[in-house]
Amino acid sequence: MSRRRAPEDLSALLGEPKPDWERLTQALKKLQEDVDPALAAGAALHLLPEDRSSLWAFGRHCQQLPAPVIRAVLERLADDLRPGVFFLRESVDLEGSDEALRESWRMALQGLLDLDVTYGWGSRQRKAKLQGLAANPVLLQSLQTVVVASEEVSRDMLAVLTIDASEASLDALIPHVERAVQRQGWELDRLEDLRTHARSTPALEALFERMEAVLQARRARSPALELARALGFGEPGVFWFKLYATGGEEGDERSMTYRHHCHLSVDSRAPDWLSFSMSSWDSDGEPGGNVPVYDLDGTGLQNDTLGLGACEPTRIPEWMARAAERLRTEWHFEQRAVMTSLRGRQRTRLFEWLTGRNPPGK
């Protein structure tokens with residue numbers, strides 16, 4: 001094989017409109033030192049498309065790249081601002097020997113994999129991965145740098161900093177907390193989850209207590225609680241329910257499709273406390289061609305193809321019935337289709353209200 005030549009299978013794969021991923025990953029694991037770095041780097045970056053948030057495939061299959069290919073990959077990624085790629089660049093030793101480069105590259109890719117696991121948030125396995133990252137000085141410093149420089153980072157990256165709980169980690173974490181407290185959106189709820197992994201220190205406890213106070217104040221002001229009172233459910237600390245209804249069934253028990261869909265969510269815990277939407281197949285009636293016909297959220301009416309107008313939350317069942325009439329359908333759902341914080345008779349009353357059999361005040 002002449003120098004700077006790619007393996008035949010790699011060259012062939014890159015010439016195909018849709019590369020065979022299995023063959024491509026196997027070829028990347030067997031690259032020779034004299035491979036053309038630019039060509040091999042391009043092949044490796046097929047596993048890292050710009051529209052893919054997960055870097056798992058890249059981290060899993062690119063650990064054996066030769067040093068010249070690693071340098072070529074990092075050169076191509078020099079302007080990539082994604083936090084995971086930023087973390088990779090920060091963690092790799094470009095100044096040392098080829099062996100040091102390959103070792104730091106493998107360590108960085110393993111770090112990416114440890115930040116991209118599917119274990120439960122509070123699981124023993126996930127805790128072990130995050131604690132391992134916090135115990136690695138190189139990877140920890142890289143994460144601190146990424147969190148300082150990036151406004152949107154993964155919850156796992158932030159969790160590593162709460163495990164470390166050093167002054168440098170807190171300095172990186174605090175701006176994210178300040179932004180979340182100011183905006184009072186979903187980011188605040190996400191940051192509260194970090195308590196699952198955080199080390200117990202006075203500084204972190206104070207930070208979490210502040211977030212909890214802001215969250216409690218936001219939830220206490222939620223219009224969802226006003227709706228609960230209007231529906232006769234008293235003064236609950238939390239009030240939420242979700243409903244999914246369908247209409248226009250076609251087919252049989254083995255192959256059933258639905259022409260119309262209704263989604264409803266009310267949640268006092270959420271910054272977006274209300275979501276009420278309906279959709280229908282488009283005019284040609286092809287499955288999978290659902291188009292929105294009504295969309296209402298806590299800020300107001302967003303879409304109204306049906307011409308129903310804005311809906312007061314206490315009149316949602318009436319709007320569902322009017323929509324069904326205009327769609328020439330009937331909504332079908334059972335009590336078990338309603339998920340809610342209510343229990344017992346109150347749950348039954350909610351179901352009756354949603355079906356139009358128990359108006360407020362009756």
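1. S142 lies in helix α9, residues 137–149. Helices here are DSSP runs of H or I, at least four residues long, numbered from the N terminus. S142 is buried, with a relative accessible area of 3%. Buried means under 20% relative accessible area, taken with a 1.4 Å probe on protein chains only. Beyond residues up to four places away in sequence, S142 touches F87, E90 and S91. Contact means heavy atoms within 4.5 Å.

2. This is a predicted model, with pLDDT of at least 70 needed for local features and 80 or more for side-chain atom pairs, while totals for chains, interfaces and linings use all residues. Residues are numbered from 1 along each chain as its sequence is written, and side-chain values use heavy atoms, without hydrogens or water.

3. How many residues of helix α10 are buried? Nine of the 10 in α10 (residues 155–164) are, so the helix is largely enclosed by the rest of the structure. Among them are M157, L158, V160, L161 and I163, along with D156 and D164. The buried residues of α10 pack against α6 (83–91), α8 (124–134), α9, α11 (167–183), α12 (186–192) and α13 (202–220). Just after α10, A165 takes a positive phi of about 60 degrees.

4. The largest nonpolar core has 65 residues. Such a core is a set of buried Ala, Val, Leu, Ile, Met, Phe, Trp, Tyr and Cys residues joined through side-chain atoms within 4.5 Å. L28, F58, L65, V73, L88 and W105 touch the most other members. Leaving aside neighbours within four places in sequence, F58 is in contact with A44, L45, L47, L48, V73, L88, W105 and L109.

5. A second, separate core holds 37 residues, including F241, L274, M278 and C311.

Definitions and conventions: Buried means under 20% relative accessible area, exposed over 50%, partly exposed in between (1.4 Å probe, protein chains only). Helices (H or I, at least four residues) and strands (E, at least two) are DSSP runs, numbered from the N terminus.
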